[in-house]
Amino acid sequence: MALDYAILSVLYDRFALNLRGMTVLAAYWKGLRLWVGMSLLAIALAACSAVPIFFDTDLVADAISLQLEQTQGQLTSQLRLSQNPTWSVDRVKVTENAPVMIQELPGYHLRGTYRLTIELPRGTVTRPKQPFDLYLQGQKEGKTWRLGKYGPSEPGEEPDWTTYLITPEGYYGD
């Protein structure tokens with residue numbers, strides 16, 4: 001009986017040691033620590049990267065409205081209107097959000113869809129799921145945003161960024 005116990009004890013000791021001389025339990029804990037450490041490193045690296053932020057839909061709607069205002073003359077002539085139409089932008093859905101640099105300040109390239117409702121003299125026209133593609137630039141103070149457009153400001157000039165203030169509600173300037 002004592003011989004059986006001694007043989008089992010030796011076999012167990014041999015089984016419990018892996019090739020590096022660690023017990024199975026020690027190898028398990030070492031592997032677990034490595035896995036947790038790598039997970040924490042991955043989380044830390046992801047936190048330091050350019051994480052897309054979620055934009056207020058009112059801000060994006062205001063930027064789309066500003067774009068529409070800038071092209072209002074074209075819109076009026078295409079619709080053959082005698083007066084400028086009024087519109088509203090709602091149901092904004094941002095589907096893509098990528099960080100960019102605009103005039104040495106951080107900005108974002110946004111794509112998505114919105115619903116455009118145009119008030120015309122002969123009735124209301126609603127256009128659902130209109131695509132948008134725009135650039136927003138955050139200001140240093142963090143209080144305001146600007147709509148960015150890349151291209152030549154005059155025919156024949158080199159393309160460059162031009163930005164336009166998106167005036168928030170209740171904003172009267174600095």
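Me: Why does the distance between the end C-alpha atoms of α3 agree with the span that its 14 residues should have?

Reply: The expected span of a helix is 1.5 Å times one less than its number of residues. For the 14 residues of α3 this should come to 20 Å, and the end C-alpha atoms are 20 Å apart, which agrees. The model is predicted: local features need pLDDT of at least 70, side-chain atom pairs count only at pLDDT 80 or more, and totals for chains, interfaces and linings use all residues. Residues are numbered from 1 along each chain as its sequence is written, and side-chain values use heavy atoms, with hydrogens and water left out.

Me: What makes a stretch of the protein chain a helix or a strand, and how many of each are there?

Reply: Helices (H or I, at least four residues) and strands (E, at least two) are DSSP runs, numbered from the N terminus. The protein chain has four helices and five strands, and its pattern along the sequence is α-α-α-α-β-β-β-β-β.

Me: Which residues of α3 are called buried?

Reply: Buried means under 20% relative accessible area, exposed over 50%, and partly exposed in between (1.4 Å probe, protein chains only). In α3 the buried residues are Leu59, Val60, Ala61, Ala63, Ile64, Ser65, Leu66 and Leu68. Of the 174 residues of the protein chain, 24% count as buried.

Me: What makes a set of residues a nonpolar core, and which members touch the most others in the largest one?

Reply: A nonpolar core is a set of buried Ala, Val, Leu, Ile, Met, Phe, Trp, Tyr and Cys residues joined through side-chain atoms within 4.5 Å. The largest such core holds 23 residues, of which Ile64 and Val89 touch the most other members. Two or more residues each come from α3 (57-70), β1 (86-102), β2 (105-120) and β3 (123-138). The largest share, seven residues, is that of α3. In soluble globular proteins, nonpolar side chains tend to be buried together.

Me: Which residues does valine 89 touch, leaving aside those up to four places away in sequence?

Reply: A contact means heavy atoms within 4.5 Å. With that sequence limit, valine 89 touches Ala61, Ile64, Ser65, Leu68, Tyr114, Arg115 and Leu116.

Me: How do you know that β1 and β2 pair, and in which sense?

Reply: Two strands pair if DSSP finds at least two bridges between them. β1 and β2 have 14 bridges, and they pair in the antiparallel sense.

Me: What is the phi of glutamine 103 in the hairpin of β1 and β2?

Reply: This hairpin has two residues between the strands, and glutamine 103 takes a positive phi near 50°. Glutamate 104, in the loop between β1 and β2, has a positive phi near 65°. Most residues other than glycine have a negative phi.
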